[in-house]
Amino acid sequence: MAKITYHAHDNKTYTIDVQNGLTVMEGAIQNDIPGIDADCGGGMSCATCHVYVKEQWLDKLPAKEDGEEDMLDMAFEPKKNSRLSCQLIVSDELDGLEVNIPSKQG
Amino acid sequence: MNKTDVLIIGAGPTGLFCAHQLGIIGLSCEIVDNLDKAGGQCIELYPDKPIYDIPAVPECTGEELTNNLLKQIKPFNIKFHLNERVEELKKNQNRWHVKTSAGVEFDVAAIVIAGGVGSFEPRKFPVKECEKFEGNSLFYSIKDKSIFKDKTISIFGGGDSALDWAIELSKTSKVNLIHRRDGFSGAEASAQKVKELNEKGKLNLYTKYQINSVLGDKNIETVKIKHDDGEIKEIKSDYVLGFFGLIMQLGPILDWGLNIDKKTVQVNTENFETNVSGIFAIGDICSYPGKLKLILSGFHEGALAARGCFKYAKPDEKLRFEFTTTSKAAQERLGIKK
């Protein structure tokens, strides 16, 4: 279990306990957090679960797999701290993770 | 006016198999899709990626699955209307009157929405001013490349479309290719070619830059790009092209009075009809308790929706359940000669 904080674009903040094994994307979808669309359902093929990870977490997250950076090319306003939340699998190590949700997904 | 029993919206695997099921029970249908080919997400998002959970098919690619489905529905000679999006829907006594973006009209007894997560539309620039120039000096696809001759073009993106057009247009135009990082998602050979052209001065490559703003009166004159480190460059441009792939949008379906929740349409699980009689929804676009977004679920939903359409298409007839293995009628419809 990990506490994940999602900062939505409307300045609302949601802190949720997400079970280990789910993705950061699923944590948002299951809790109706606005701004994460996940159109392809977690297949790393749509870039609509794009989030900005709080800087201090960047190095602690699992490295991007092949394809994630390619998909981020398609994301809305990608930055250095951009990740696809469907690729972030929750574990105890992610307890306290904070992500910002972009203003749009496409 | 095209008169047919059922209109299927979406030519993805679910829509294609539903067409097969309609054909088997003797109903006619036509299919509309906004893409230029059948296959939906399988073709657009992952044509080469393997799928391992189609029953009795241990492994296949999105493209193979699509081709096999097309082969399976071949006997029914189904008419496809590609590059078209369904725009208008009107109830006309017991039937539906539908109009597409290309002005094609249908008179149908029932509608099956198999629209996935919506129709594919180009992803646009995040910069607001871009809208003003869209269609005159800013494009997300190219219809007539001759307008770019001897002009200065700024192309954004790092996929195959961006690379291929940069290479092609550099022959007759001054091309700037702008991409957010050093790596490209497009083919390695094209990326190499672009780098070579850049070294030879045949095009200008700007990496680690993204669009910042576009300036101009009626047409674009200048585009500002911003480096990762904050530096801003102004480049003169007659045209701006953006190639960021496609995104799925629900579109006009939202206005049809259907019960929609989180971009999906609520259906019953008996025949996958929506809250509007005669309109069915199957595949990724439908939701019900326990819904799994799997292709195999879409097949099941399509089989039941097809049977649900029967009472609208042939109100005076009764549908009898038959197996294709033994049904003479089904085999005749499949064109099987014994």
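Predicted model: local features only at pLDDT ≥ 70, side-chain atom pairs only at ≥ 80, totals over all residues.
Colleague: Which residue in E17(B) stands opposite Ile153(B)?

Modeller: Tyr239(B) takes that place in E17(B). Strand E11 (residues 152-156) and strand E17 (residues 239-242) of chain B run parallel, with four bridges between them.

Colleague: Where do E11 and E17 sit in the order of their sheet?

Modeller: The order is E10-E17-E11-E12-E13 in chain B, an open sheet of five strands with parallel pairing. As a general idea for reading such a sheet, side chains in a regular strand alternate between its two faces. At the edges stand strand E10 (138-139) and strand E13 (203-207) of chain B; each has a single partner strand, so one side of each lacks a neighbour in the sheet.

Colleague: Which elements of chain B do the buried residues of H5(B) pack against?

Modeller: They pack against E11, strand E12 (174-179), helix H6 (188-199), E13 and E17 of chain B. Helix H5 covers residues 160-169, and its buried residues are Ser161(B), Ala162(B), Leu163(B), Trp165(B), Ala166(B) and Leu169(B).

Colleague: What is the sense of pairing between E15 and E16 of chain B?

Modeller: Strand E15 (residues 220-227) and strand E16 (residues 232-236) of chain B are antiparallel, joined over five bridges.

Colleague: Turning to the cores, which residues touch the most other members of the largest nonpolar core?

Modeller: The general idea is that nonpolar side chains tend to be buried together in soluble globular proteins. Here the largest nonpolar core has 59 residues, and those touching the most other members are Val6(B), Ile111(B), Val112(B), Ile113(B), Phe280(B) and Cys309(B). Helix H7 (residues 295-313) of chain B gives the largest share of this core, nine residues. There is also a second, separate core of 56 residues, with Tyr6(A), Phe148(B), Ala162(B) and Leu241(B) among them.

Colleague: Which residues does Ile113(B) touch, not counting those up to four places away in sequence?

Modeller: With that exclusion, Ile113(B) touches Ile9(B), Gly10(B), Ile253(B), Val265(B), Ile279(B), Phe280(B), Ala281(B) and Ile285(B).

Colleague: How is chain B divided into domains?

Modeller: Domain 1 consists of 2-121 + 247-333, and domain 2 of 124-244. Taken over C-alpha atoms, the centres of the two domains of chain B are 38 Å apart. Along the principal axes, the C-alpha atoms of chain B fill a box of roughly 70 × 45 × 40 Å. Chain B has eight helices and 22 strands, and 41% of its 338 residues are buried.

Colleague: What are the elements of chain A, from the N terminus on?

Modeller: They run β-β-α-β-α-β-β, which comes to two helices and five strands. The C-alpha trace of chain A spans about 30 × 30 × 25 Å along its principal axes. Of the contacts in chain A with a separation of 6 or more, 68% join residues 24 or more positions apart.

Colleague: Why does Asp70(A) count as partly exposed?

Modeller: Asp70(A) counts as partly exposed because it has 19 C-beta neighbours inside 10 Å; a buried residue needs 20 or more. Asp70(A) lies in helix H2 (residues 68-72) of chain A. Leu84(A) is 14 residues from Asp70(A) along the chain, and their C-alpha atoms are separated by 11 Å.

Colleague: How many residues does each chain give to the contact between chain A and chain B?

Modeller: The size of an interface is often given as the accessible area lost when the parts come together. Here it is described by residues: 18 from chain B and 15 from chain A. The chain B side has seven nonpolar, seven polar and four charged residues.

How values were computed
Residues numbered from 1 in each chain as written. Chains lettered and ligands numbered in written order. Domains from an automatic or database assignment. Contact = placed C-beta atoms within 7 Å. Nonpolar A, V, L, I, M, F, W, Y, C, P; charged D, E, K, R; others polar. Core = buried A, V, L, I, M, F, W, Y, C linked by C-beta atoms within 7 Å. Buried ≥ 20, exposed ≤ 12 C-beta atoms within 10 Å, placed from the backbone. Pairing = 2+ DSSP bridges.
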